[in-house]
Amino acid sequence: MRSSGLVLFTCAGLLLSGGAILGGSTAWTLLRISYYFWTSDLGVELGCSVLFITGAVLCLPACWLCTVVPYHTKSQSLVVTLMALVTVSMLLLSLGLSSAAGLSRAVREPAALNASMLRAISRDAVDPAIRSSFAAMQLELHCCGVQSYSDWYQHRQILPPACCGRVWNGKRGDLCEVPLYKVGCLRPALLELRSFVNAICALTSAIILVLGVTLITAAYVVASGVVESGEGRTKPQPLRIACIAQPHQLLSFTPPLHTAHFMPQPPPQPQLQPQTTPPALM
């Protein structure tokens, strides 16, 4: 039981640090690259990253239970709650890894991402959400257009202010004639997605491994507790005492329950032959 408590304490520290890093980094990255929801068709794959955040949040109460269970090994409810939290967290993180396969496929096949970004450029003049998202992406990644800044000339006569490193303030004079960023946004976007997918998959795999060790240890604690409780319910055998008593003590001695007596048999008394009176002498 002492070794299982040490393993749970170690897993608690790893779950606390790993869950905080995974949840915080994933939430911050989703907020920072939220323009991908509008400038590409990766909205569903990026939205599934919420599974990583939920699974990481569940690691925090699991960490607390890992520190409590070694002090309350007899409380089966705490151990069962820990096993339930660990199982749900592992399930959510595994689903998140399966959803990340869509992002990795987009990184391996940039043609689909290129086509979706070109479609978004064509709707830039009529959709304010796409306009602001493209501006945020170009300012964040220091790029202009998809392949190059010339992609904008297929749909508009002038470049957006973001290509010159400025935010559009609604004035007609705030235009961009010579782009500051001449590189297209496709390549920086692919690098951003690749780093995001690699980091989140590596960290999630490590946390799933720690959760697996925690689940096995908690199951061992439950099994050992059941065995100990089963041994405690065994009916004790009655104590049998052997005693030797003298014959004259039998009347005053009352044997207790479940007591065996071993009384020696008295020695046989010699039988006296009756004496015959010899006949008188005449």
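Modeller: A disulfide is called here when two cysteine sulfur atoms lie within 2.5 Å. In general, a disulfide is a covalent bond between the sulfur atoms of two cysteines. In this structure, C144 and C163 form one, with their sulfur atoms 2.0 Å apart. The model is predicted, so local features need pLDDT of at least 70 and side-chain atom pairs count only at pLDDT 80 or more, while totals for chains, interfaces and linings use all residues. Residues are numbered from 1 along each chain as its sequence is written, and side-chain values use heavy atoms, with hydrogens and water left out.

Biologist: What is the handedness of the disulfide of C144 and C163, and why?

Modeller: The torsion about the S-S bond of C144 and C163 is about 75°, so this link is right-handed.

Biologist: Where in the chain do C144 and C163 sit?

Modeller: Helices are DSSP runs of H or I with at least four residues, strands are runs of E with at least two, and both are numbered from the N terminus. C144 and C163 are each in the loop between helix 7 and helix 8, 19 residues apart, and the pair links distant parts of the chain.

Biologist: How many disulfides does the structure hold?

Modeller: It holds two. C143 and C185 also form a disulfide, with 1.9 Å between their sulfur atoms. The angle about the S-S bond of C143 and C185 is 95°, and the link is right-handed. Both C143 and C185 lie in the loop between helix 7 (128-141) and helix 8 (186-232), so the pair ties together parts that are 42 residues apart in sequence.

Biologist: Is C143 buried or exposed?

Modeller: Buried means under 20% relative accessible area, exposed means over 50%, and partly exposed is in between (1.4 Å probe, protein chains only). C143 is buried at 0%, and C185 is buried at 0%. C144 has 0% and is buried, as is C163 at 0%.

Biologist: Which residues does the UniProt annotation "transmembrane region" cover?

Modeller: The unreviewed UniProt entry gives residues 51-71, 78-97 and 196-223. UniProt positions are in the numbering used here, feature names are shortened, and annotations may be inferred rather than shown by experiment. Residues 51-71 are 86% helix and 0% strand, with end C-alpha atoms 32 Å apart. Residues 78-97 are 100% helix and 0% strand, and their end C-alpha atoms lie 29 Å apart.
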